[in-house]
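Here are some notes to read alongside the model. Have a look at it, then work through the points in order.

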Amino acid sequence: MLSKIVRTISDQLILFILIYGLYIIIHGHVTPGGGFQGGAVIASGVVMMIVAFGSGEIKKSLRERHLSVVESSGALIFIGMAFAGMGTLFFYNFLVGTPVFGGIPPTGPNPGDVWTGGVIPLMNFGVGLKVSAGLSAVILAMALFSRGEETEE
Amino acid sequence: MRQIVAWFVLITLVAFLITSALLLHPFGYPPSAMDDYMIARSQAETASNNVVAAVVFDYRGLDTLGEATVLFTAVTGVLLLFRSLKKREKKT
Amino acid sequence: MMPYIPYNIPFVAVALLMGVSLFIILFKRNLIKIIMGIAIMGAAVNLFVVALGYRAGGVAPIYTSTPEGAMVLPVPQALILTSIVIAVSVIALMLTMVIHTYRHTGDIDAKKSRLLKG
């Protein structure tokens with residue numbers, strides 16, 4: 001556990017880091033970014049909390065078992081969106097033209113609209129869940145082990 | 001003996017890599033038939049402004065599926081290894 | 001337009017990075033250093049594939065508020081995007097195995113460890 005200054009600053013900063021990661025995931029089909037990058041940003045926020053507060057404090061609110069559940073549900077969202085287009089093809093973008101994320105942007109440079117992309121935003125969300133939970137679980141396991149505590153109870 | 005073989009392998013591989021780097025296409029002018037198709041058609045076909053996201057999740061979705069499998073397997077392996085290590089240390 | 005870059009300098013840099021990583025993997029005996037060499041090799045491969053897809057004077061392949069002009073190739077960037085996450089997870093798995101080896105034998109020297117003889 002680090003000093004009180006570091007703990008207070010990280011406590012204020014973690015909200016902004018999480019919101020920034022979520023923004024990168026949600027806008028992955030419009031601006032640079034996506035599920036992988038946003039998930040890495042959220043996992044780095046978790047790393048900052050582990051460094052500032054120590055893995056013993058983090059363990060009280062964040063369990064590896066729950067992180068595994070979140071990771072598996074992200075993978076299930078991804079594969080489910082892939083199978084949902086099975087009427088035409090595997091990984092077919094079946095949501096283009098429908099009311100849900102179905103807007104088609106004009107060809108060429110345009111200002112951008114979040115309500116486009118078909119299945120790509122939903123897949124971004126699933127992959128973001130998967131990457132953030134997976135990397136957080138790995139780092140939490142390593143931190144708990146190097147501290148000599150229980151990794152699972 | 002092993003040192004001599006290792007130096008031989010190292011020098012041969014680096015010489016091969018530098019030679020092939022000099023013989024590649026000039027930097028900045030790649031052959032690009034497939035990528036030109038994707039750049040031209042991604043907005044109409046996948047409704048996504050971000051061509052990289054369209055390639056990752058639509059045109060080459062199977063690659064991303066394999067990547068998700070590798071990540072899942074690696075995370076499962078790390079958690080299992082730490083758990084078994086913990087159990088064995090508790091026993092001894 | 002960017003001027004013509006002679007002698008393919010980025011590809012030569014990739015070859016030198018690959019030489020550094022091969023030197024580390026072949027001649028070092030500390031397992032942590034070997035993992036660092038593998039990480040450098042992965043970075044060299046990523047740099048190579050991204051440099052293959054660069055188009056002179058191109059912008060990022062994203063249509064949101066972008067200037068007119070040529071775009072760099074999107075497929076190498078998408079492949080490297082997945083490759084980076086794979087590299088991170090594989091390096092985490094390798095470090096876990098090194099921790100196992102250290103707890104088992106009390107040493108991370110590849111020559112001294114009886115598990116890795118051969």
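1. Start with α3(B), whose buried residues are Val51(B), Val52(B), Ala53(B), Ala54(B), Val55(B), Val56(B), Phe57(B), Asp58(B) and Tyr59(B). Nine of the nine residues of this helix are buried, so α3(B) is largely enclosed by the rest of the structure. Here a residue is buried if 20 or more other C-beta atoms lie within 10 Å of its own, exposed if 12 or fewer, and partly exposed in between, with C-beta atoms placed from the backbone. Helices (H or I, at least four residues) and strands (E, at least two) are DSSP runs, numbered from the N terminus.

2. Before going on, a word on what you are looking at. This is a predicted model, in which local features need pLDDT of at least 70 and side-chain atom pairs count only at pLDDT 80 or more, while totals for chains, interfaces and linings use all residues. Residues are numbered from 1 along each chain as its sequence is written, and chains are lettered from A and ligands numbered from 1 in the order in which they are written.

3. What do the buried residues of α3(B) pack against? They pack against α5 of chain A, α2 and α4 of chain B, and α3 of chain C. Take Val55(B): leaving aside its neighbours within four places in sequence, Val55(B) is in contact with Met38(B), Arg60(B), Pro74(C), Val75(C) and Ala78(C). Contact means that the C-beta atoms of two residues, placed from the backbone, lie within 7 Å.

4. Val55(B) turns up again in the largest nonpolar core, which has 63 residues; Ala137(A), Ala141(A) and Val55(B) are those with the most contacts inside it. Two or more residues of this core come from each of α1 (4-26), α2 (35-53), α4 (64-84) and α5 (120-147) of chain A, α2 (33-46), α3 (51-59) and α4 (61-91) of chain B, and α3 (74-105) of chain C. The largest share, 15 residues, is from α5(A). A second, separate core of 11 residues includes Val14(C), Met18(C), Leu22(C) and Phe48(C). For the record, a nonpolar core is a set of buried Ala, Val, Leu, Ile, Met, Phe, Trp, Tyr and Cys residues joined through C-beta atoms within 7 Å.

5. Now the side of chain B that touches chain C. Here 39 residues of chain B are in contact with 44 residues of chain C. On the chain B side, α1 (2-23), α2, α3 and α4 each give two or more residues, and α4(B) gives the most, with 12 residues. By class, this side divides into 28 nonpolar, seven polar and four charged residues. The classes are simple: Ala, Val, Leu, Ile, Met, Phe, Trp, Tyr, Cys and Pro count as nonpolar, Asp, Glu, Lys and Arg as charged, and the others, Gly among them, as polar.

6. Chain B also touches chain A, in a contact that takes 32 residues from chain A and 24 residues from chain B. α4 and α5 of chain A each supply at least two residues of the chain A side, with the largest share, nine residues, coming from α5(A). The residues of that side are 15 nonpolar, 12 polar and five charged.

7. Within chain A, have a look at α1(A) and α2(A), which pack at an angle of about 170° with their axes 8 Å apart. Axes are lines fitted to C-alpha atoms, for helices over the stretch in contact, and angles run from 0 to 180 degrees between N-to-C directions. The two helices, α1(A) and α2(A), are therefore roughly antiparallel to each other. (Angles under 35 degrees count as roughly parallel, over 145 as roughly antiparallel, 65 to 115 as roughly perpendicular and the rest as oblique.) The contact of α1(A) with α2(A) has 14 nonpolar, six polar and one charged residues.

8. As for overall form, chain B has four helices and zero strands. Its radius of gyration is 23 Å, well over the 12 Å that the globule rule gives for 92 residues, so chain B is more spread out than a compact globule. The radius is taken over C-alpha atoms, and the rule is 2.2 Å times the number of residues to the power 0.38. Of the 92 residues of chain B, 35% count as buried.

9. Chain C has three helices and zero strands. Of its 118 residues, 25% count as buried. Ile9(C), in helix α1 (residues 9-27) of chain C, counts as exposed, with 12 C-beta neighbours inside 10 Å.
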